[in-house]
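User: I am new to this structure and would like to go through it by question and answer. Please begin with any term that I shall need.

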Amino acid sequence: MFQPELIKSLRSYNTKTFFADLSSGIIVGVVALPLAIAFAIASGVSPERGLFTAIIAGFIISALGGSKVQIGGPTGAFAVIVYNIVQQFGLSGLATATLMAGILLILLGVFKLGRLISFIPYTIITGFTAGIAVTIFTTQVGDFFGLKTGAMPGDWFGKVLVYAKTFHTIDIYTTAVALICLALIFIWPRFNKKIPGSLVVIILSTVICLLLQKFFGLETVTIGSRYGQIPSTLPAPQLPAFSVQLVKQLAPASISIAVLAAIESLLSAAVADGMIESKHDSNMELIAQGAANILSPLFGGIPATGAIARTATNIKNGGRTPVAGIIHTLTLLLIMLFLGKYVVYIPMAALAAVLVSVSWNMAGIPTIKAVLKGQKSDSAILFITFLLTVFIDLTVAIEAGLLVAAFFFIKKTVDLSQFKISSLQGNIASCEFSGPLFFGTIGKFENEIEKALQNARVLVLNMAGTNYLDAGGAKALAQLKTTCDKKNITLLITGLCEQPKKLLTKTGIIETFDKENIYENIEQALAKAK
C-alpha cells in the first residue's frame, strides 16, 4: 500500500520533534533561498521561477514523499536540460516537458519500479554528474567576469566561443566581487559549519555592493537590473500548451527529466537513510516526485527533485520528519511575500560564485580519481558519459553509458566463465562449465564441447557452476544432445541448478534427455560413465 511518510510520522509525533523540525525547517528554508534563485538563473529562466519551484514542489515532495527528511526543489542537475528546452521550445515547452516527466515518475512509482534506478552503474552517475558540473560552470563564466556576451547559445562549444570573443569586456570590479565571494564560500566552513557559506556571501555581497554603489559609484549587474522586480505572490495556476506534435518533440527531454529526477531523489533518500538509520519507500518517493513535477510547472516552476545538500542540512540541524520540509517551504513563501523586494539587489557575480562552488562540489574529483585508479572499463564508461553530457545531451549520455556498461559486463562475464576438461579416461570425457550459459558464452561453450567430443564415447557435463541459462543456452544444450545422439555418444548431465532446470523443463528440452542420465552430483555421473 502506498502511504506517505508524513502520515506514518504524525502517528508518533510530539512537541519535542515539532520544535526540532521547526528549527531545522527555518534554517533550510533560508539556505534554500539563494540556491533556488541561482539554479533558476543557471537554467536560463528568471529567478522567481526557482522560488516557485522550491515552494510548490518542495511542499509536495515533503507531504507525499517516502523519505522522512528529503528536501525537494530545483537542483543544478537540471540546469543543462532546462536551458536547452527553453532555448528550443520556450517556457511553455519547458512546462509541458516537466509535466510529462511528472506523469512518467508517477507511473514508475505506481508500477513499483523504484529499484530499477539502482541498476544504473555508479560510473555512469559519476560521469554525467561531472558533465553537468562542467556545464554549470561554463554557464557562469560571463557573470563571474562581468562579460558583455549578449544572448548565449545552448551548446558548450558555442558558449566557449562567445566567451573567447568577448573576454576583452571583462569587468574588474565584478570579477573581484566574484573571486572574494568564491573564496569566502570555501573558507567559511572553517569558522561555522551550520550556516552555509553561500548564504553568507549573498547577504554580505548585497550589503557591501549597495554601500560601494552609494558612496563610490561602483556598479555591478544585479538580479533587479537584469530581470526586474521579483513577484511577491505565487502566480495563478495555468495549464501549458499541449499538442501531439509537441509531445513527440518533447518526449526525449521529458524522459531525461524523469530519469534524472528519479536518480537524484532516490540517491538523496539513500544517503539520508544512512545518516538517520532509516529506510525510505522508493516507490512512494517517485510518486511524490511525479506529483511535484506536475504541479510545479502549473505555477511557473521548473523541474524539481530531492536535493542532497539541503537534505543533509536538514538532518544536521535536527529535522527528523517531513514536517521540517513543509516548514522549509513555508519559510521560503514568507520570505518571498515580505522580503522579495530585497532579492533584486543580489549581485549576479555573487550568484555566479555560488554556482561555481556548486559545480566544484558536484564534479566529485576524489570519486573520479578513485574510479580512474580502478578498471579501465570503468574509466571508459565514466569518460564516455562525461563527454556526451557536456558536448551532446544527457539522454544520449545515459543511453550510451548503459550500452557501453552492458558491453563491458557481458565481456567480463564471458572472460570469467570457464570450461575445462577435468579428466579424460579412455573414451570418457568429464567436462565442467562454470558461469552463466547465455548468448555471450555460447560460442565459447560450443568450441570447447567440440574438442571434448573428439574421442569420447561418454560425455559427463558438470553444470553445478552454471546458475543461469537463457534461451540460447537452452538451445545449445539441446543441440549438444542432438550431436551426441548422431555420434552415438552417451551424454550424462549433473549438477543442474534451479533456474536452468526450470527453463529446460518449461521449454520441454529436458524431456529429450534420458532421465536416467541426469544426476544430482558428479560422483554418481562418473560412476555411471565408467
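Analyst: Two strands pair if DSSP finds at least two bridges between them. The model discussed here is predicted.

User: Which residue of β7 is the bridge partner of Ile493?

Analyst: Strands β6 and β7 (residues 518-519) run parallel and are joined by 2 bridges. In β7, the bridge partner of Ile493 is Ile518.

User: How many residues of β6 are buried?

Analyst: β6 covers residues 490-494. The strand is mostly covered, and of its 5 residues the number buried is 4.

User: Which residue of β6 is the bridge partner of Asn462?

Analyst: β5 and β6 are paired in the parallel sense over 5 bridges. Together with α19 these strands make a right-handed β-α-β unit. In β6, the partner of Asn462 is Thr494.

User: Why is strand β4 described as largely enclosed, and how many of its residues are buried?

Analyst: A residue counts as buried when its relative accessible area is under 20%. β4 spans residues 428-434 and is largely enclosed by the rest of the structure, because the buried share of its 7 residues is 5.

User: What is the bridge partner of Ser430 in β5?

Analyst: β4 pairs with β5 (residues 458-465) in the parallel sense, over 6 bridges. The β-α-β crossover from β4 to β5 goes through α18 (residues 442-452) and is right-handed. In β5, Ser430 has as its bridge partner Val460.

User: Is Cys431 buried or exposed?

Analyst: Cys431 is placed in strand β4. Its contacts, leaving aside residues up to four places away in sequence, include Phe419, Ala452, Leu459 and Asn462. The C-alpha atom of Cys431 is separated by 4.4 Å from that of Ile421, although the two are 10 residues apart along the chain. With a relative accessibility of 1%, Cys431 counts as buried.

User: How many disulfides are there?

Analyst: A disulfide is a covalent bond between the sulfur atoms of two cysteines. The sulfur of Cys484 has its closest cysteine sulfur in Cys431, and the 9.8 Å between them is too far for a bond. Cys497 is in no disulfide either, as the nearest cysteine sulfur, that of Cys431, is 17 Å away. With a cut-off of 2.5 Å between sulfur atoms, the number of disulfides is 0.

User: What is the relative accessible area of Cys484?

Analyst: Buried residues have a relative accessible area under 20%. Cys484 is buried, and its value is 0%.

User: Which residues does Ser198 touch, not counting residues up to four places away in sequence?

Analyst: Ser198 is found in helix α8, which spans residues 197-216. With a relative accessible area of 10%, Ser198 is buried. Not counting residues up to four places away in sequence, the residues that Ser198 touches are Ile185 and Val354.

User: Within what arc do the buried residues of α6 fall?

Analyst: In α6 (residues 156-166) the buried residues are Gly158, Lys159, Val162, Tyr163 and Thr166. Seen down the helix axis, these buried residues line one face, because they fall within an arc of 135°.

User: Against which helices do the buried residues of α6 pack?

Analyst: On the other side of α6, Phe157, Ala164 and Lys165 are exposed. The buried residues of α6 pack against α4 (79-110) and α5 (122-145).

User: Which residue caps the N-terminal end of α6?

Analyst: The backbone nitrogen of Gly158 lies 2.7 Å from a side-chain oxygen of the capping residue. The residue that caps this end of α6 is Asp155.

User: Near what value is phi of Lys112?

Analyst: Lys112 is placed in the loop between α4 and α5. Lys112 is exposed, with a relative accessible area of 54%. Its phi is positive, in a residue other than glycine, and is near 55°.

User: Near what value is phi of Asn488?

Analyst: Asn488 lies in the loop between α19 (471-486) and β6. At a relative accessibility of 54%, Asn488 counts as exposed. Asn488 is a residue other than glycine with a positive phi, near 60°.

Conventions. Residues are numbered from 1 along each chain as its sequence is written. This is a predicted model: local features need pLDDT of at least 70, side-chain atom pairs count only at pLDDT 80 or more; totals for chains, interfaces and linings use all residues. Side-chain values use heavy atoms; hydrogens and water are left out. Buried means under 20% relative accessible area, exposed over 50%, partly exposed in between (1.4 Å probe, protein chains only). A crossover is right-handed if, with the strands pointing away from the viewer, the path from the first strand over the helix to the second runs clockwise. Contact means heavy atoms within 4.5 Å. The arc is that of the directions from the helix axis to the C-beta atoms. A polar contact is a pair of N or O atoms within 3.5 Å; within protein, one must be able to donate a hydrogen and the other to accept it, and residues adjacent in sequence count only if both atoms are side-chain atoms.
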